[in-house]
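Student: I would like to go through the labels used for this structure and see what each of them rests on. Please show it first.

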Amino acid sequence: MAAGAASGGSATTDTYKESRFWLLLPAWVVLGIFVLAPVMMMLIYSFLTKEFRGGVIWELSFAAYDQFFCDRGLFGDEPCTIEWTYIQIFWRSIWQAGAATLLSLAIGFPTAYFIATRPESQRPLWVFLITIPYWVNLLIRTVSMKFLLRDQGPLNDALIGIGLLDSPLHIVNTNFAVQLGLFYSYLPFMVLPIYAAVERYNFALSEAAADLYATKWTTLRRILLPAVKPGVIAGCILVFVPSMGSFLAPDLLGGAKNFMIGSLIEEQFKGNAGNWPFGAAASMILLTMVLIILLIFARQQAKAEKEA
Amino acid sequence: MSNTTSNAIEVRDAVKRYGDFTALKRISLSIKDNEFFTLLGPSGCGKTTLLRMIAGFEDVTEGAIFLYGDEIENLPPHQRPVNTVFQNYALFPHMTILDNVAFGLEMRGKSKDQARSRAGEMLELVQLSQFAARKPSQLSGGQQQRVALARALAPQPKVLLLDEPLSALDLKLRKAMQLELKHLQRETGITFIFVTHDQEEALTMSDRIAVMSAGEMQQLGGPKDIYEKPRNMFVADFIGETNLLEVSVDGINNGRAVCHLGGGHELTCDAVDGVGVGSHVHMSVRPERLYMSDKPVETESLKGRIKENIFVGTDITTIVDLEDGPEFVVRTSNSDRGNKRIFEPGAEMYVNMELGAARLLVD
């Protein structure tokens, strides 16, 4: 990088500032192109007028947001009352993503703990094994899941075969199927940060707790969990956020009744039926919601930290 | 069951194996009530393994451990009324100092308030009351060490286990803590089992010391016994500095062994069980038990020549060559210079020792 020459300014702080600018530049360029620009595009599109066969007309309009929040009757000429349809979809998304996150945590934490407590030479192998299924395309994995879970699928066959069930369990097209799909889609994002945290954990602390008469359960709750909390939080965010906007699992496993916000957005940009400004507006609202949820979470963490 | 209640800890035929590797080879020892007992040895000798077996962190492959007569080797750590001071303290980083000390009390069923008030008293005992609200990372190593001590003592364990607790401290602090620990042990009357690789530390603090090497106990005794009457090569070499000489035992009369040093030099010393006439063994003579003169003084005088004098602050170390024989290291304390002679390099002189200074070793 052509940053070294400090022209004029002889003080080292000037050189430092200048090279810092150049060194940070690539990061800013990447962030600008891949994060800021798309978000700005979405923001602008959400305030434009829709073109009926997809695309936009460059005219300022609040119609997208109005459509999202306001119910103006069948002919669209009544005063605004709250439109519940999309808020319900939103609420369902939060709920589904939350359930998938808890499911991932319940399975991911013990898995991560298991890996982190293997002999050091074996750990990379276990991590590798965890990630292998994720080399397969997400779509294919989700479709396969549908085959596994359906009424005549291997899971139900097996459960009936061993006599646990008389008739197949209906899993596909339920909320639970979507949660399972989301859980499976993002499990490694839960396992890996928790694994990293548990691996750094000083197990002498667990011994100290046991030495001071704490049972295993108390040791987990009072010593291990607080120590690996940053990893757990990272894992939860990494599963929750993409689950919120996911559309593959709800589309394929949830059916029409279990629509999530991701599917709603997807539809607005698909084919001729779409409504780009509305899709953009829904995206912006999703983004804002996720940020608000994370902020509330961070606030509470900071507060809990202060009290402790 | 035999009567074991008078002992704080009794280890009976304890063996620890990890796969093919035997870390402890059938150790038996009894630690008395109120005793400051030290397990001393180089790293890998099994001393920490033995301590962790008493604490419950390692299971016992064979054998039994009794705590005041109760067999404990199958109890999980949280059910054993012993507490440990860990090598790197293992303080809970997310808790305050006060909560760290209160933790064990709370786990024993005390209410949070009771536990905290008792923890406060413990912090007073180690003079850290003003740090009660801080986190461990805000304390110095020495302070953390004292917190670890207060935390382990707070639930009033029957036995306190200390796993090289001073090894991370600098020399001055370590010396101060050695005395503090010794006083604390006397004040509380709790049996201390202390693990260290530092022989000086062991000699300073202990009532009794078990010297360990390669999973075996080499010698068990008071500091003075261990230092002055080492049983074998390992103990003599590991504890303090010594002259280790190869000798052959020429004869034994009235409990005195006549030993040949090579080059025609001879020494008599106390005979030892297990060393008979004709055996080739080692002899240990502590450098500070030797002194020099221009004429033979004692019955045990050896003729030699000064090779080198080394000034080491409190002492002068002199290296002496015996004629056709081995080398000797003689240490003269600087405070003794009035009474004891120092010779110039090259001078001929005699190295003298009183009876009992030389010790035969079972190899």
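Tutor: Start with a definition: buried means under 20% relative accessible area, exposed means over 50%, and partly exposed lies in between. Note also that this is a predicted model.

Student: Why is B:Glu180 called partly exposed?

Tutor: The relative accessibility of B:Glu180 is 29%.

Student: What makes the contact of B:Arg146 with B:Glu180 a salt bridge?

Tutor: The closest N and O atoms of B:Arg146 and B:Glu180 are 3.8 Å apart. The cut-off is a side-chain nitrogen of Lys or Arg within 4 Å of a carboxyl oxygen of Asp or Glu, so the pair qualifies. B:Arg146 lies in helix α4 (residues 141-153) of chain B and B:Glu180 in helix α5 (residues 171-188) of chain B, so the bridge ties together parts 34 residues apart in sequence.

Student: Is B:Arg146 buried or exposed?

Tutor: B:Arg146 counts as buried, because its relative accessibility is 15% and the limit for buried is under 20%.

Student: Helix α5 of chain B also holds B:Lys182. What does the side chain of B:Lys182 meet in a salt bridge?

Tutor: The partner of B:Lys182 is B:Asp207, at 3.3 Å from N to O. B:Asp207 sits in the loop between α6 (199-205) and β9 (208-213) of chain B, and the two residues are 25 apart. B:Lys182 has 9% relative accessibility and counts as buried, whereas B:Asp207 has 33% and counts as partly exposed.

Student: How many salt bridges does the structure hold over all chains?

Tutor: There are 25. One of them joins B:Glu58 and B:Lys16, at 3.9 Å from N to O, which is within the 4 Å cut-off. B:Glu58 is in the loop between α1 (47-55) and β4 (62-67) of chain B and B:Lys16 in strand β1 (residues 7-18) of chain B, so parts 42 residues apart in sequence are tied together.

Student: Why are B:Glu58 and B:Lys16 counted as buried?

Tutor: B:Glu58 has 16% relative accessibility and B:Lys16 has 5%. Buried means under 20%, so B:Glu58 counts as buried, and so does B:Lys16.

Student: Which residues are linked with B:Lys16 and B:Glu58 in a network of salt bridges?

Tutor: The network also includes A:Glu207, B:Arg52 and B:Asp59.

Student: How do you know that A:Cys70 and A:Cys80 form a disulfide?

Tutor: Their sulfur atoms are 1.9 Å apart, and the criterion is a pair of cysteine sulfur atoms within 2.5 Å, so the pair is a disulfide. A search of the whole structure finds 1 disulfide over all chains. A:Cys70 is in strand β3 (residues 70-71) of chain A and A:Cys80 in the loop between β3 and β4 (81-82) of chain A, 10 residues apart. The angle about the S-S bond is -85 degrees, and the link is left-handed.

Student: How do the accessibility labels of A:Cys70 and A:Cys80 follow?

Tutor: A:Cys70 has a relative accessible area of 15% and is therefore buried. A:Cys80, with 39%, is partly exposed.

Student: What makes B:Asn243 buried, and what does its side chain contact?

Tutor: The relative accessible area of B:Asn243 is 4%, so the label is buried. B:Asn243 is found in strand β11 (residues 243-253) of chain B. A polar atom of its side chain lies 2.7 Å from the backbone nitrogen of B:Val329.

Student: Why is A:Phe34 called exposed?

Tutor: Its relative accessible area is 62%, and exposed means over 50%, so A:Phe34 is exposed. A:Phe34 lies in helix α1 of chain A and belongs to a nonpolar surface patch of about 1000 Å², with A:Trp28 and A:Leu287 among the other members. The elements giving two or more residues to this patch are α1 (12-46) and α12 (276-307) of chain A. The largest share, 9 residues, comes from α1(A).

Definitions and conventions. Residues are numbered from 1 along each chain as its sequence is written. Chains are lettered from A and ligands numbered from 1 in the order in which they are written. This is a predicted model: local features need pLDDT of at least 70, side-chain atom pairs count only at pLDDT 80 or more; totals for chains, interfaces and linings use all residues. Side-chain values use heavy atoms; hydrogens and water are left out. Patches are made of residues with over 30% relative accessible area and no salt bridge: like charges are joined within 9 Å, nonpolar side chains (Val, Leu, Ile, Met, Phe, Trp, Tyr) within 5 Å. Accessible areas come from the Shrake-Rupley method with a 1.4 Å probe; for residues, only the protein chains shown count as cover. Helices (H or I, at least four residues) and strands (E, at least two) are DSSP runs, numbered from the N terminus. Buried means under 20% relative accessible area, exposed over 50%, partly exposed in between (1.4 Å probe, protein chains only). A polar contact is a pair of N or O atoms within 3.5 Å; within protein, one must be able to donate a hydrogen and the other to accept it, and residues adjacent in sequence count only if both atoms are side-chain atoms.
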